[in-house]
Amino acid sequence: MTHESHADFADFAAVAWPRLVRTAHMLTGDFHEAEDLVQTTLVKVYARWRKIPRAEVDVYMRRALVNNNISRLRKKRIAHLLMPFLPESAHRHRGHAETVEDSAVLVQALSVLSARQRAVMVLRYWEDMSEQQIAATLNCSVGTVKTHARRGLEVLRAHPLLTLSADQEVKS
């Protein structure tokens, strides 16, 4: 790889890192696993960097992130049972406690979804991607995206932590 393309990749990675980690955190439910997922994905993308058209870098990166997460989950299922995770309370700051608590509830609720449903929900509602963009990212049909979104929303709407949160907001 030339020095110029190496510098180009380094610039991309530095700018994209915070956004990628936030998305990966929503996909994985764990901040440390999210960082590992982004690092692994960046290593794989780096190997193909010269071949990726610059106009498609973000789409390519999202697809790689989602695919690596799905692959990670498959490997993890073989090794042991998945358990829901709540982020450590040490990351809470005064004044942001409600935001952190809401985020923890959302991450835990997302953990009950299948990897594909979770990917669709995160890409649609966190990354604000269209159904067509999600279909392209996940290499599936728009109908499949709609099905995963509908089923994911049904599960999330019935999730006890989310219904509890909604009930508490109504009382406030």
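Are phenylalanine 9 and tryptophan 49 buried or exposed? Both phenylalanine 9 and tryptophan 49 are buried, where buried means under 20% relative accessible area, exposed means over 50%, and partly exposed lies in between (1.4 Å probe, protein chains only). The model is predicted: local features need pLDDT of at least 70, side-chain atom pairs count only at pLDDT 80 or more, and totals for chains, interfaces and linings use all residues. Residues are numbered from 1 along each chain as its sequence is written, and side-chain values use heavy atoms, with hydrogens and water left out.

**View 1. The whole chain, with 8 helices and 0 strands.** Helices (H or I, at least four residues) and strands (E, at least two) are DSSP runs, numbered from the N terminus. Read from the N terminus, the order of elements is α-α-α-α-α-α-α-α. The chain has 172 residues, and 37% of them count as buried. Its accessible surface is about 10700 Å², and carbon and sulfur atoms hold 55% of that; accessible areas come from the Shrake-Rupley method with a 1.4 Å probe, and for residues only the protein chains shown count as cover. A contact means heavy atoms within 4.5 Å. Of the contacts between residues at least 6 apart in sequence, 63% join residues at least 24 apart.

**View 2. The largest nonpolar core, with 40 residues.** A nonpolar core is a set of buried Ala, Val, Leu, Ile, Met, Phe, Trp, Tyr and Cys residues joined through side-chain atoms within 4.5 Å. Phe12 and Leu42 have the most contacts inside the core. The elements giving two or more residues to this core are H1, H2, H3, helix H4 (97-110), helix H5 (115-126), helix H6 (131-138) and H7. H1 gives the most, with 9 residues. Leaving aside residues up to four places away in sequence, phenylalanine 12 touches Leu42, Trp49, Val57, Asp58 and Met61. In soluble globular proteins, nonpolar side chains tend to be buried together.

**View 3. Aromatic rings around tryptophan 49.** Rings of Phe, Tyr and Trp (its six-membered ring) pair if their centres lie within 6.5 Å; planes under 30 degrees apart count as stacked, over 60 as edge-to-face and the rest as tilted. The whole structure has 4 aromatic pairs. In one of them, the ring centres of phenylalanine 9 and tryptophan 49 are 5.0 Å apart and the planes stand at 80 degrees, so the pair is edge-to-face. Phenylalanine 9 is in helix H1 and tryptophan 49 in the loop between H2 and H3, so the pair ties together parts 40 residues apart in sequence. Ring pairs join Phe9, Phe12, Tyr46 and Trp49 into a cluster.

**View 4. Arginine 54, beside a ring and in a salt bridge.** A salt bridge is a side-chain nitrogen of Lys or Arg within 4 Å of a carboxyl oxygen of Asp or Glu. Side chains of opposite charge can pair when their charged atoms come close. Arginine 54 and aspartate 8 form a salt bridge (3.0 Å, N to O). Aspartate 8 lies in helix H1 (residues 3-28) and arginine 54 in the loop between helix H2 (31-48) and helix H3 (57-79), 46 residues apart. Aspartate 8 is partly exposed at 31% relative accessibility, and arginine 54 is partly exposed at 41%. Arginine 54 also lies over the face of tryptophan 49, 4.2 Å from the ring centre; a charge sits over a ring if NZ of Lys or CZ of Arg is within 6 Å of the ring centre and within 35 degrees of the ring normal.

**View 5. Two further salt bridges.** The structure holds 5 salt bridges. In the one between aspartate 58 and arginine 19, the closest N and O atoms are 3.4 Å apart. Aspartate 58 belongs to helix H3 and arginine 19 to helix H1, so this pair ties together parts 39 residues apart in sequence. Arginine 150 and glutamate 154 also meet in a salt bridge (3.5 Å, N to O). These two are 4 residues apart in helix H7 (residues 142-158), so about one helical turn separates them.

**View 6. Asparagine 69 in helix H3.** Asparagine 69 is buried, with a relative accessible area of 2%. Not counting residues up to four places away in sequence, asparagine 69 touches Leu27, Thr28 and Leu37.
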